[in-house]
Amino acid sequence: MSDLDQCRQKLARAHLYAIVDTGYVEIDRIPYVTEQLVIGGVDIIQFRAKKRPLAEIAELGKAIRALIPSDGPLFVLNDHPELVCDMGADGIHVGQDDLSVAEARAQAGAEVLVGKSTHSFDQAIAAEKEGADYIGVGPIFATPTKPDYVPVGPPLIGQVRAAVRVPQFCIGGINEQTLPEVLAAGAKRVVIVSALLRSKDISGYCQRVREQLNATSL
């Protein structure tokens with residue numbers, strides 16, 4: 001089985017996606033936050049470092065990779081596919097205004113996952129046709145992480161789920177309080193950013209969210 005096939009199998013089982021975002025996490029806390037996410041049982045960890053120097057992103061990404069056990073979460077880099085191979089990341093994530101899925105895969109390597117952000121039904125359909133291994137759907141609610149984006153609302157979750165076969169991760173304003181509404185709308189996979197990173201008990205927060213996700217998937 002190829003590395004990509006193994007990653008796709010792990011992706012299919014994934015439900016909780018976390019993002020180590022330098023907009024919320026101070027550089028010196030990245031190792032601690034990463035360790036807590038692993039302990040908490042997240043399925044995917046993305047590293048997002050907007051407006052940071054490439055050399056620093058590469059160095060920090062390698063440090064994160066070293067903290068994730070081989071049987072632990074998938075590790076995805078946001079943007080910069082040219083850094084993926086040397087960093088040892090399992091995948092690359094791109095936005096609507098970034099590279100196409102094909103371009104990202106060509107730069108990152110044929111054996112890595114490619115995820116794409118989508119903000120509408122049409123974008124979700126298009127991303128799957130492009131060959132994305134998974135898509136992000138949102139922002140479901142207003143979020144400080146993406147303040148310029150208009151929330152798409154929970155109804156989009158069911159619409160996309162009925163039409164798209166690749167895994168869909170709902171994102172945007174999702175936390176312990178809003179999660180029940182998102183799950184009721186049909187979500188099976190979620191991304192949590194600010195609420196998780198700002199928690200005083202990151203691993204505990206992860207575990208409580210997983211309990212809700214597991215109860216829904218039964």
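1. Let's start with Pro31, which sits in helix α2. Helices here are DSSP runs of H or I with at least four residues, strands are runs of E with at least two, and both are numbered from the N terminus. The model is predicted, so local features need pLDDT of at least 70 and side-chain atom pairs count only at pLDDT 80 or more, while totals for chains, interfaces and linings use all residues. Residues are numbered from 1 along each chain as its sequence is written, and side-chain values use heavy atoms, with hydrogens and water left out.

2. Back to Pro31: is this residue buried, exposed or partly exposed? Its relative accessibility is 34%, so Pro31 counts as partly exposed. For the cut-offs, buried is under 20% relative accessible area, exposed is over 50%, and partly exposed lies in between, with a 1.4 Å probe and protein chains only. Pro31 and Leu60 are 29 residues apart in sequence, and their C-alpha atoms are 9.0 Å apart in space.

3. Which residues make the contact? From α2 come Ile30, Pro31, Thr34, Glu35 and Val38, and from α3 come Leu60, Ile64 and Leu67. Contact here means heavy atoms within 4.5 Å. By type, the residues of this contact split into six nonpolar, one polar and one charged. In that count, Ala, Val, Leu, Ile, Met, Phe, Trp, Tyr, Cys and Pro are nonpolar, Asp, Glu, Lys and Arg are charged, and the others, Gly among them, are polar.

4. The crossing of α2 past α3 is right-handed.

5. Leaving aside residues up to four places away in sequence, Thr34 touches Val20, Ile45, Ile64, Leu67 and Ile68.

6. Next, the core. Which members of the largest nonpolar core touch the most other members? Out of its 70 residues, they are Leu37, Phe47, Ile135 and Val182. A nonpolar core is a set of buried Ala, Val, Leu, Ile, Met, Phe, Trp, Tyr and Cys residues joined through side-chain atoms within 4.5 Å. Not counting residues up to four places away in sequence, Ile135 has contacts that include Lys116, Thr118, Val160, Val164, Pro167 and Phe169.

7. On cysteines: the structure holds zero disulfides. Cys7 is in none, and the nearest cysteine sulfur, in Cys85, lies 13 Å away. The criterion for a disulfide is a pair of cysteine sulfur atoms within 2.5 Å. Cys7 is buried at 10% relative accessible area, whereas Cys85 is exposed at 65% relative accessibility.

8. Lys51 has phi of about 65° and lies in the loop between β2 (44–48) and α3. Asp79 has phi near 65° and lies in the loop between β3 (74–78) and α4. Lys51 is exposed, with 88% relative accessible area, but Asp79 is buried, with 13% relative accessibility.

9. The loop between β6 (134–137) and α7 (155–163) holds Pro139. A cis peptide bond joins Gly138 to Pro139, with omega of about 0°. Val150 is also found in the loop between β6 and α7, and counts as exposed at 67% relative accessibility.

10. Last, Gly88 is in the loop between α4 (84–87) and β4 (91–94) and is partly exposed at 31% relative accessibility. Gly88 and Leu156 are 68 residues apart along the chain, and their C-alpha atoms are separated by 34 Å.

Note on methods
Left-handed = near helix turned anticlockwise from the far one by under 90°.
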